[in-house]
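Visitor: I have a model open and would like to learn how to read it. Where do we begin?

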Amino acid sequence: MTGTIDRERGLTLIELLVAISLFAIVSTLITTLVVTVSQSFSRQESEQDSTRTAVLGMQQISRVIRSGTEVPVSTSWQALPAFESARADSMILNGYLDTPSTAAGPTRFSLAVNAAGELIESRFPSTRSGGDWVFATTPNRTRVVVRDVAPRGTPLATGTSPALFTYLKADGTALAVPSTGSLTETQRREIVAVRVSLVVQTAAGDDAAPAQLLSTVGIPNLNLTRGGL
């Protein structure tokens, strides 16, 4: 009778407390593991999303810059420079893009980042007037090229993000852009390439590191124009 009672007795209070403690420890470890894996997965997804966004944006920016060309003026031997404005985080340039021929006239492109971190492309068409091309003051097309553009000075693994645009001369040296303002007309005529540093961060805070793409974009049309062809 005594043996039967011993076999059927329940857990003591101490055994129960030990079991609960072990269960709590295991549950905490499992929860921590699940949270860590989930955060790591979300971070990787955000970083990949930032990279994809930056790649697509860089393709569009490069297309616009490569289209840059000087615009002849009937009253002067010197054409209008390809760049109407050259700033650290914005530019305005003249070029031929998505037009069937030069007879259709050049387009003036504006690339600028707004307060919401969107890189906006605006296109201004041109019309003939007195033998010259005159650009409209109101864009006929405006679109978002890239969203979630990180501001200058964003922390990166290699330091902080530089200006969006760096303008290069024929010898490869960079033109010094004023902190607030554009390059002069003389300087803008020296530009033969633009180094683009596009930093995109689709997730805020520390959820994901920003993605940075660097590309030096040449302007092939300038060689023909400056060569007199």
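**Reading strands, sheet and core**

Guide: Start with one residue. Ser-122 lies in strand E4, which spans residues 119-124. Keep in mind that this is a predicted model.

Visitor: Is Ser-122 buried or exposed?

Guide: Compare the relative accessible area with the cut-off. Buried means under 20%. Ser-122 has a relative accessible area of 12%, so Ser-122 is buried.

Visitor: Which residues is Ser-122 in contact with, leaving aside its neighbours within four places in sequence?

Guide: The list is Arg-108, Phe-109, Ser-110, Pro-139, Arg-141 and Thr-142. Look at Thr-142 again. Its side chain and that of Ser-122 are joined by a polar contact of 3.5 Å.

Visitor: How do strands of a sheet pair?

Guide: They pair through backbone hydrogen bonds, either parallel or antiparallel. Here, E4 and E7 run antiparallel, and five bridges join them. Take Glu-121 as an example: its bridge partner in E7 is Arg-143.

Visitor: What is the order of the strands in the open sheet?

Guide: Read it as E1-E2-E3-E4-E7. That makes an open sheet of five strands with antiparallel pairing. E1 and E7 are the edge strands, as each pairs on one side only. From one strand to the next, the twist averages 20 degrees.

Visitor: Now the core. Which residues touch the most other members of the largest nonpolar core?

Guide: Phe-165 and Tyr-167 do, in a core of 30 residues. Several elements give two or more residues to this core: helix H2 (13-66) and strands E1 (83-86), E2 (90-95), E3 (107-113), E7 (141-146), E10 (165-168) and E11 (193-200). H2 gives the most, with five residues.

Visitor: What does Phe-165 touch, not counting residues up to four places away in sequence?

Guide: Phe-165 touches Ile-61, Ile-65 and Leu-111, among others. Its list also includes Met-91, Val-194 and Val-196.

Visitor: One more residue. Where is Ala-211 found?

Guide: Ala-211 is in strand E12, residues 211-218. Its relative accessibility is 11%, so Ala-211 counts as buried.

Visitor: Which residues is Ala-211 in contact with, beyond its neighbours within four places in sequence?

Guide: Ser-50, Thr-51, Leu-198, Val-199 and Val-200. Ala-211 and Val-55 are 156 residues apart along the chain, yet their C-alpha atoms are separated by 9.6 Å.

How values were computed. Residues are numbered from 1 along each chain as its sequence is written. This is a predicted model: local features need pLDDT of at least 70, side-chain atom pairs count only at pLDDT 80 or more; totals for chains, interfaces and linings use all residues. Side-chain values use heavy atoms; hydrogens and water are left out. Helices (H or I, at least four residues) and strands (E, at least two) are DSSP runs, numbered from the N terminus. Buried means under 20% relative accessible area, exposed over 50%, partly exposed in between (1.4 Å probe, protein chains only). Contact means heavy atoms within 4.5 Å. A polar contact is a pair of N or O atoms within 3.5 Å; within protein, one must be able to donate a hydrogen and the other to accept it, and residues adjacent in sequence count only if both atoms are side-chain atoms. A nonpolar core is a set of buried Ala, Val, Leu, Ile, Met, Phe, Trp, Tyr and Cys residues joined through side-chain atoms within 4.5 Å. Two strands pair if DSSP finds at least two bridges between them. Axes are lines fitted to C-alpha atoms, for helices over the stretch in contact, and angles run from 0 to 180 degrees between N-to-C directions.
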